[in-house]
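Me: I would like to go through some labels and ask what stands behind each.

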Amino acid sequence: QFPLGRRLPCDIYWHGVSFHDNNIFSGQVNKFPGMTETVRKITLSRAMRTMQNLFPEEYNFYPRSWILPEELSLFVEEVRTMKDSDPSWKPTFIVKPDGGCQGDGIYLIKDPGDIRLTGSIQSRPAVVQEYICKPLLMDELKFDIRLYVLLKSLEPLEIYIAKDGLSRFCTEPYQEPTLKNLHQVFMHLTNYSLNIHSGNFIHSDSVNTGSKRTFSSILCRLSSKGADVKKLWSEIISLVIKTIIALTPELKVYYQSDIPAGKPGPTCFQILGFDILLMTDLKPVLLEVNANPSMRIEHERESSPGVFENVPSPVDEEVKVAVIRDTLRLVDPQKKKSKDTQLIWLTEHPVDEYFCVCTISMKDKQHKHHSLKLSLKLKFYLKLGSCQSLEQVWEVSEELLDAPKSPGAALPSLCLKQVFPKYANEFSHLRLMDRVAALFIRFLGVRGTTKLGPTGFRTFIRNCRLSNSNFSMAAVDILYIDITRRWNSMGIEKESGMCLQAFVEAFFCLARKKYKSLPLHEKVLALTCVCERRLAGLHRKRLVWGCG
Ligand code: ADP
């Protein structure tokens, strides 16, 4: 802690709340600019909706959501249409205030007419979401999972997931929602901060009993009952990667505004808390993403009536200490330096009694060649020899890169598992919005801004040659004004101009105009390719003129 400020720059800055806690120009910060805003309930729902519109099958792990108050009539309308087409559908919805946490202000409704419109909804926007009525229960109780995810880098994208997490239990046996039990928070909401106040909350020193347990203890129980735990993990990994892919466009806009390319600035990483619910068929559903997950390893206990004390919580300690320790190990600048020097030294001495440098070449399933240069302890080198697939090589190489260099430096193996770029190929087609965001960023012009002005939008249209006799520059201006005015009237942002999400709406509108018969994601992809090609052409021309 530096209550009086710092004099020397640091390698790693650990901020309590946000990127802006300090003015920093080097090193690494444990927060990304704009993360808190990007994972707020409304912004997250919007980003997920964009991805659901583009890739409906891939993003069906996020419950259908509407934004209040602006989409109230759409919500009423859509629910009525769905009920008309399936009269047996008896849905429940959960209303969650934007920016709320710890279950604050959340309530369940059976009918859109039950939304509390008086007072708060106008001043405090919210998300209304389909309520998952059939969650997986354990000991008759509803529970959710808190998983810790390290976003180690945005460009290139690097994601790690902690191998263990927490499971937080309700404290009243679960029943499907009825008008009678809708208000019973201890039955429907899994928040620790709420359930701790229930007389039924069980503090336990064991990680597999009580109202807060490790996720691994849940997996053990599921596996003992024959559940396919491997499949569940791979679905969770895919949910995490897809969610982060949905968030990266917005994060990149904030990033360039705070840390402009080419200027001295820090790099960022961040630990995120993913809240996930399992359905009875073990399908994971994303509830929300927390930018500042609690890292407390103590809990409060009422030692005598009205007197509270902090006591250690073994479950929290088991999971959270490992997450922070391994985050520091992964971002440790010294580790990077020592690895590089070791490699250089070893290259000069190719084979030694204990170490050798080897290049492993392997073909993956698509017959693409990969090579991996490693300095290995001999016994690991031999172990690699038995690997059958690229996957196995990575597993072994991860293990040996973490292997202690000397007995004194022994640390437990990493609890953080790299999932991206490891599985990048499977998800590359979903990164379309990153390319649209890159177009947006290119035309932002003034450094430090996150919004596109009318001139920037016109230049984008002109440079990408998107205007023609059917779509005049006057129509371009009208499109800009219409969309920007609507987004700004939602009153979310202070700065004037076109935000990324408004640009995305305009871009989709242009794509629909230009390519009538294709599915939406193909339309957007086609338009993105056209813009990129024309901008690259323009860039080449400018280089030639510049030389001339
Ligand atoms: P908060 O940030 O206030 O904790 P959450 O979105 O995490 O808000 O919701 C609080 C709790 O409500 C969750 O932990 C979960 O138990 C329950 N919940 C939230 N959304 C849903 C949903 N769509 N279906 C079922 N339960 C939900």
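Predicted model: local features only at pLDDT ≥ 70, side-chain atom pairs only at ≥ 80, totals over all residues.

Reply: Residues are numbered from 1 along each chain as its sequence is written, and side-chain values use heavy atoms, with hydrogens and water left out.

Me: Why is Cys170 called buried?

Reply: Buried means under 20% relative accessible area, exposed over 50%, and partly exposed in between (1.4 Å probe, protein chains only). Cys170 has 1% relative accessibility, so Cys170 counts as buried.

Me: What makes Cys220 exposed?

Reply: Its relative accessible area is 54%, and exposed means over 50%.

Me: What makes strand S4 (residues 93-97) mostly covered?

Reply: Five of its five residues are buried. Phe93, Val95 and Pro97 lie on one side of S4, with Ile94 and Lys96 on the other. Strands (E, at least two residues) are DSSP runs, numbered from the N terminus.

Me: How do you know that S4 pairs with strand S6 (residues 126-130)?

Reply: Two strands pair if DSSP finds at least two bridges between them. S4 and S6 have five bridges, in the antiparallel sense. Val95 is bridged to Val128 in S6.

Me: Which residues does Phe457 touch?

Reply: Leaving out residues up to four places away in sequence, Phe457 touches Leu452, Val476, Leu479, Tyr480, Met498, Phe503 and Ala506. Contact means heavy atoms within 4.5 Å.

Note on methods: Helix = DSSP H or I, 4+ residues; strand = E, 2+ residues; numbered from the N terminus.
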